[in-house]
Structure formats: structure tokens, C-alpha cells
Amino acid sequence: MKKSIRIGCGAGFWGDSPEGASQLVASGVDYLVFDYLAEITMSILARMKEKRADLGYATDFVSAVMKPLTHDIKAKGIRVVTNAGGINPEACRDALLAVFKEVGVDLKVAVVLGDDLSARAQDYRDLGVKEMFSGQDMPAKLSSINAYLGALPIARALDTGADIVITGRCVDSAVVLGPLIHEFGWKADDFDLLSAGSLAGHIIECGAQTTGGVFTDWQDVSGDWDRMGFPIAECLPDGTFDIVKSEGSGGAVTVATVSEQVIYEVHDPRRYLLPDVTCDFSGVTLTQAGKDRVHVSGAKGLKPTDSYKVCATYADGYRSTATMMIAGREAVAKAQAVGEAILKRSSRLIKEAGLPDYTETLVEVIGSEFSYGAQARRSDAREVTLRVAVRHPSKDALQIFGREIYPSATSMAQGITGFAGGRPEPQPVIRLFSFLAPKSDITVEVVSDAGRQVIETASFDAPKATTSAAVADVAWQGSSSATVRVPLIRLAHGRSGDKGDTANIGVIARDGRVVPLLRQVLTSEAVADYFRHFARGNVTRYDWPGLNAFNFVMENALGGGGIASLRNDPQGKALAQVLMDIEIDVPQALLDETGLGEEKVPA
């Protein structure tokens, strides 16, 4: 057993910079991992495979990453784990082996199969499977159906001696947990260790988001944006690990930058469900252990459930979006009027063509603080971008919409210019259909030089249902004083993200002494009211004591989410920034005591 393992993440999504991989190879890692897949990516890859049987995987992994780095990876003995296989892991393997042959390098490749359940769609339909959040029936035609597999198959693939492991759909953190199981010999019931390894994967899976990217206090790192470092987890057999970054790179690894990633896209921190373990991250602690080094400990784990989450995608009509700039006095009002007129005119023409009206429409005036709803402060901007989005079951209707965009430049407000992207073309609307499938019904296999191996799924009793423990509202215990109204960003920082149509906003106190005040005023009801222009479902707050944080989960808050949403921010990436402007009355004495009273946000 090795004393420690260095695992670096070279890509947080399909389209990330290939510089990440080259940074990490130069810095020296034991494992290089890549996370390329999102729910919508699977439907895109499925359409690629329909057109060509040898596609359906993240081609950049082969051409832009592995081909230029193959010799260095071989020379340094670096092993690679990735979900770049997408819908077609075996085609990805074949393309990679062709590259190895071309450059004259011999590396062993294994693939993990079993996540693609498209052949069983009718079986699930016959069973009456319902969507796990909305309760809707399974659509008649699906684009893709994939189970989120875990880390054990990856570990078994590494056990065969593979240098490269390619998977289809798996949970993002599995590309890190798999190597740790293999290297440290962790067992299927080492739940605390599996939770810790999953946390390491969760922290580095999004690449530079851990090293100062997408950081609330952006001024602290903006000078390094042109050379951002990619993250490395230095992991120990006891489950603790340090987060660092590639040597000589920009960015920052601090308790603040890492905590924002820990809280990203997690719902209940005491019950984060993964195929290998039910994680309890509520007591995780972060310690600054040196410059650009954060020590992470405290993850706990419980038995996993007996089901895999399955994500299916399906087409639901078409969408189209047009944008243009509008300048001059009363630009906001002019833009709103232009948007409404385009919709009114095109709607009339669509009906005259014998087609039904739009399924959904949206006018956004960017520059008017549209995302802030009732809290918007700007209506006097002299230059804005108008965004008009529509949805319809027919492409023909959206072609009519597209033809009516440019005429606005001569028939509507003065100051219209800057049409983006030419005449808008209809794009398919892709929706998610999620459900649970028994692990015992899904066969997972590893295919390697050693042959084809079926991976047995560990069986446990289902974990007891737990929720975040209630924390009593305790007022700040200080001397009474006058209060000062300040924006939340003075007291906290945070990050937001999405899971389908559900958004999460993590709020992390800058000082533990303000947590009682935040607990009292930043309630679920307060956040729901602040986002009443977006949130259509429940808003739940979870306490996260180890991070001095709160996690807000907003259901039905993203207009369908992903490609199904007409919004400019369909994944809720801006919601934390919007919440940072909510105003809070704070005792002046508390601001003085914590040093948070300065106008400039602390570094």
C-alpha cells in the first residue's frame, strides 16, 4: 500500500481547457482524472451515435488531451480514469488505442459497461416507472437512459492492470474514489473511508472551481485568471487528504475557495446519496495547512441504498432564442416593448399559418437586473441586451419567429443593433426523466486485456433515513447596540448550482460568530420570498455546522433546467450572487467584533 496518492483533475466538463491536463502531468500525479459528462451531454452524445456508430463519446479526450500527452503519461507511469466514454465507451477505447498505435506507445485500456439501459426502456415503461420528482409517466420515446454507476467497477478495472479506465455514466466523484479503493484496499463496508474518498472526488471534479475559479471574492484571484491552476488531492489511507494545485499555476487554494466547492450542488449534507455510500459531510472541517494547501477531514458514511439513480433524456419540442442590443434613453422600457411586440406579431402570424400558439415565452432585459426580480434597482440603463426566447412543438412555428426578429430594426424602437448569431434557428428541447432502478437488475462489466468480468454489487440493508438535525435559533450574545443594514456578502460568501430543475445555494459565514444571526434572519421563508420571481416549489434550508454554512435547496426554480429552460441562467449559476445582495440588519458591535464592518469584502 502506498503512503499517499496524488490525484489531479484535468477537466471539469466537456470543453474545459486541455491546459489542465498538461499542467498536472508536468506537476507529477499518480492519477489523472477527467469528468466530462452532464445530464444534457448524454443526449448530445446519443444524437452523435445515431449519426455515426463510432461516435457518442467525448472526442476531445482522445484528440486534444491524450494524443499530445501520451508519451509523458507513459514515461511518468500516470494512470488515467475518465467518464469520457459517454454513450459509447468501447468506441472511445478503440479511438484511443488507434492513437497509441500511431504514436508508438503501448498502454492498456479497460472499459466499464452497464450504465446504458436504453435497450430496457420498454421494460421500465411496462413496470409503470414514474419520474422520481414530478411523478409523470415515462415518455413514449427516450433519447438516452443511463444509470449512475459507482467507483467499485473502476477499482476492479485498475486491479486488472489497466493504465487507462474509460467509463460511461458514473457519479462524478467515482473517478477519484475508484483509484483510492484500488490503491488502499478499502472495502465495500468501509463507509467512512468511502465517504471521504467521495468528498475528495467531489472537491476536485469541477477542475478550477476549487482553485479560485467561480469564487465570490473574485478580486483575490482575478489577476491569475489567465493561468488558473487545476486541483490535486493528496490522499492518505485514513481518508484524510490535502487539496493543492499544479505547481507554478495561478489561482488560490484556501479554506474559502475549497468550502465553496464542498457545498456546490449538494442538497442535505447529512444524506448525500451515492452508489457506494451514503455520505454525511455535515461535520467536514477544512484547515489551512500552508500556502495553497487545505487539509480536509471529518467525512462520515452510512450504507448505500439498493438502487441506482437513472437519468433518461427525451425530446420535448423546440426552442429558439434571439438577442439584440438596444441603446438610448429609456432603453429598458424600449427593450421590454420590443420583446413583447415581437412575440405579439409572431404569435399572430403563427396562428394565421394554422399552428397553435407558443407553449412558453420569455422576455429578459439584460442590464435591468432581471435576475433580481422585485429587488432590481436599475431601470435607467442606457444600453441593454434584449433576449426573447420561445418554445413550440413545431419547427415551422419557430421559423416564423426567426423571420420576425430582424424586421424589428426598421419597424420598432430606434437604437436596435447588435443582433447576435444571425437569424435564430430552432433547437431541440431536451428534458430529464429521473428514476430509481434496483442495483440487482443491472449488470455491470469490466472489459480489459484480462477479458470480461461481471462486477458483483455489494448488498446492504437500506440506510436509515436521516435528515439534518434541527439547530435551535440562538441570538448573537453581545451587548446591545444600534444595527446597521448590510448586504449578505459582507457576512458570508457562497456558490450556487443545479440538479435538473432544482437549485442549491450554499451560504458560508465569513466568521463563525455571525452564524446565529444568519440562522435567525436567513430562513427558508426569507429566501423563498427573495426569489419569489423564480422559485415555484419548496425552499428547504439545511444546516452545515462543519463549514459554518447553510444550504438552501429550491425546487422547481430553474424553468425546467438545462436545455429545457428558456432562461439566460438555466443552471442557477448566478443565484448565489443575487442572494449575496439581500440586506440584513446587523448589530454594529458584531461587525466591530468580527472585523466585517469594512466596506471592502475581506480577502
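1. Let me start with helix 6, residues 152-159. Six of its eight residues are buried, so the helix is largely enclosed by the rest of the structure. The buried ones are Leu152, Pro153, Ile154, Ala155, Ala157 and Leu158. After helix 6 comes Gly161, with a positive phi near 95°. Please keep in mind throughout that this is a predicted model.

2. Next, the cysteines. A disulfide is a covalent bond between the sulfur atoms of two cysteines. With a cut-off of 2.5 Å between sulfur atoms, the model has zero disulfides. Cys170 is in no disulfide, and the nearest cysteine sulfur to its own, that of Cys9, lies 12 Å away. Cys170 counts as buried because its relative accessibility is 1%, under the 20% limit.

3. With 2% relative accessibility, Cys235 counts as buried.

4. Four strands make it up, in the order 22-23-25-24, and the pairing is antiparallel. Strand 22 (492-499) and strand 24 (539-544) are at the edges; each has a single partner strand, so one side of each is left without a neighbour in the sheet. From one strand to the next, the twist averages 20°.

5. Strands of a sheet pair through backbone hydrogen bonds, either parallel or antiparallel. Strand 22 pairs with strand 23 (residues 502-509) in the antiparallel sense, over eight bridges.

6. Where does Arg271 sit? Arg271 is in the loop between helix 9 (255-262) and strand 9 (272-273). Its relative accessibility is 23%, so Arg271 counts as partly exposed. Arg271 and Ile508 are separated by 237 residues in sequence, while their C-alpha atoms are 19 Å apart in space.

7. Lastly, the surface. Which residues make the nonpolar patch of about 330 Å²? Met132, Phe133 and Leu436 form this surface patch.

How values were computed:
Residues numbered from 1 in each chain as written. Predicted model: local features only at pLDDT ≥ 70, side-chain atom pairs only at ≥ 80, totals over all residues. Heavy atoms only, no water. Patch = residues over 30% accessible without salt bridge, like charges linked within 9 Å, V, L, I, M, F, W, Y side chains within 5 Å. Areas by Shrake-Rupley, 256 points an atom, 1.4 Å probe, with all protein chains shown as cover. Salt bridge = Lys/Arg side-chain N within 4 Å of Asp/Glu carboxyl O. Buried < 20%, exposed > 50% of the residue type's maximum accessible area, 1.4 Å probe, protein only. Pairing = 2+ DSSP bridges. Helix = DSSP H or I, 4+ residues; strand = E, 2+ residues; numbered from the N terminus. Axes fitted to C-alpha atoms, helices over the stretch in contact; angles between N-to-C directions.
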